[in-house]
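Me: I have a structure open and would like to learn how to read its features one by one. Please give the general idea each time, then the case at hand.

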Amino acid sequence: MKRIRGIGAVAFAGVTILALSGCQQGSASNESENADGGPVTLQFQSLSDQPTTQAAVKSIVDQWNTENEDVQVKIVQAGWDGTFDKLITQFTGGTAPDIIHYEASSIASFAADGYLADLTDLIDEDLKQDISEGIWDSVTQDGEIIAYPSTLQSYMVFANADLLEAAGVEVPTGDTMTWEELQTIAKATTTEGNFGIGWGLGSPTATMMSLSLGFDGGFFDGEGTDASIDVGDSELAVPELIHEMAYTDKSIEPTSLTQSGSDVLASFYGGKVAMTVQGSFQATNIANDAPEGLNWVALPPLEGSAGAIQAANPQTYSVNVDSEYVDESADFLNFFMSAENLASIAYADALIPASSSARTEVETLAADNPAWEQVLASGEGLQGPPFLKVEKYTEWKDTIATPAFQQYLADQITSDELANQLSTGWTDIAG
């Protein structure tokens, strides 16, 4: 079912469209006209920004083009910055590419406005079975699958095993690790001048929303413009635990709460913090950048009262509903998402592939990096979070949630005040 075009995304971007109007690219349909009987050309707008990932994407596209002379794919390289506004310009101007690379949390408004094709009946059935229901749910709107979910990240605890041993702490080896275990280890490894944890929470909302699912903290009920917010004990569990470790236990390095995850790695490399919580993709960066002799490990996935559950917010590949070649675009994406291809992209980007067979392929590729075992295990607990179905989530995240979480982590407001800000802020935005 094709949705009625709306103005949800356009209204959020405001006047930015005017500023970007001079940067429009040619539409896929214009480039793909083949009245002379030549091959179909699909424009594939890729956001992959790492050289190794770009090379992997190009290799896959080259293989497709060699094997499919009648349907050729052209990579249109773009970047993550400003993509939301750029897509608004492209969709409203009729210049959007055939295939669109983005992420689940950011495509909801485009799906609601009717710009993305329904792929439900075009996705390879084996691929459907190879990806968990929870991940498919993250790219499903009103019963329609509007994107292929590709790669994801989780939040992992990386530890200096030597510092844990010096503190008399055994490195956890189970399938999961409770927050109580993390808190105990953090206190045990906090010594004069050093801290148990360095946690880069300068932009805290994504972390809070993801890890709260482990305590059944969903924040939102309902979908689209009908969503309502509920900030209760489950939603406050993670921020309160982090606050307790920071201000009661004093086991979190205080400066790290205002930093990015990457900024905190210097303290981890220097032995100033025994553990650091990072996006799982940092496993490869640590392996490449850690000083020689650093005995580091990835600890088991964090488990809350509801399990080792985190938010699945995958990178996505969607198809422009106005493309003349929706079926051909889906055929290419079915090829693109094969286990071998997806594994090569995931490994290059140090991310978790959405399909189980691709995760098996990554295990082979990453055999020399033992941290990947825990990273891939964390992928089993990824589920589509409620906020992916909330049309104005991005606006609430940027203008309400992020500053509220920052104030709470700076010990400037109480948890009750945090809950009030999150709730009333949503009410104001939702109208």
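Me: How many salt bridges are there by this rule?

Reply: Side chains of opposite charge can pair when their charged atoms come close. A salt bridge here is a side-chain nitrogen of Lys or Arg within 4 Å of a carboxyl oxygen of Asp or Glu. The count comes to five salt bridges. This is a predicted model, in which local features need pLDDT of at least 70 and side-chain atom pairs count only at pLDDT 80 or more, while totals for chains, interfaces and linings use all residues. Residues are numbered from 1 along each chain as its sequence is written, and side-chain values use heavy atoms, with hydrogens and water left out.

Me: Where do K128 and E125 lie?

Reply: An α-helix has 3.6 residues a turn, so residues three or four places apart point the same way. Helices (H or I, at least four residues) and strands (E, at least two) are DSSP runs, numbered from the N terminus. K128 and E125 both lie in helix α7 (residues 125-130), three residues apart, about one turn of the helix. They form a salt bridge, with the closest N and O atoms 3.6 Å apart. For accessibility, buried means under 20% relative accessible area, exposed over 50%, and partly exposed in between (1.4 Å probe, protein chains only). K128 is buried at 19%, and E125 is partly exposed at 49%.

Me: Which parts does the salt bridge of E380 and R359 tie together?

Reply: The side chains of E380 and R359 meet at 3.4 Å, N to O. E380 lies in the loop between α18 (371-378) and β19 (382-383) and R359 in helix α17 (residues 356-365), so the pair ties together parts that are 21 residues apart in sequence. E380 is exposed, with a relative accessible area of 59%, whereas R359 is buried at 9%. Another salt bridge joins D398 and K397, at 2.8 Å from N to O. D398 is partly exposed at 43%, and K397 is partly exposed at 24%.

Me: Which strands form the open sheet, and in what order?

Reply: Strands of a sheet pair through backbone hydrogen bonds, either parallel or antiparallel. Two strands count as paired if DSSP finds at least two bridges between them. The open sheet has five strands in the order β2-β1-β3-β17-β6, with mixed pairing. Its edge strands are β2 (71-77) and β6 (148-149), each of which pairs on one side only. β6 pairs with strand β17 (residues 315-319) in the antiparallel sense over two bridges, and Y148 stands opposite Y317 in β17.

Me: Which helices lie across these strands?

Reply: Axes are lines fitted to C-alpha atoms, for helices over the stretch in contact (heavy atoms within 4.5 Å). Angles run from 0 to 180 degrees between N-to-C directions. Helix α4 (residues 51-67) lies across β1 (40-46) and β2, running at about 160° to β2. Helix α6 (residues 104-112) lies across β3 (99-103) and β17, at about 125° to β3.

Me: Which strands pair with β13, and in what sense?

Reply: Strand β8 (residues 155-160) pairs with β13 in the antiparallel sense over five bridges, and A159 stands opposite M275. Strand β10 (residues 195-199) runs parallel to β13 and is joined to it by four bridges; there, G198 has T276 as its bridge partner. Strand β13 (residues 273-279) is mostly covered, with seven of its seven residues buried.

Me: Which residues have the most contacts inside the largest nonpolar core?

Reply: A nonpolar core is a set of buried Ala, Val, Leu, Ile, Met, Phe, Trp, Tyr and Cys residues joined through side-chain atoms within 4.5 Å. The largest has 132 residues, and those with the most contacts inside it are W179, W199, F220, M275 and W396.

Me: How many aromatic pairs does a search of the whole structure find?

Reply: Rings of Phe, Tyr and Trp (its six-membered ring) pair if their centres lie within 6.5 Å; planes under 30 degrees apart count as stacked, over 60 as edge-to-face and the rest as tilted. The search finds 21 aromatic pairs. One of them, F220 with Y393, is edge-to-face, at 6.3 Å centre to centre and 85° between the planes. F220 lies in strand β11 (residues 220-221) and Y393 in helix α19 (residues 393-409), so the pair ties together parts that are 173 residues apart in sequence. F220 and Y393 are both buried.
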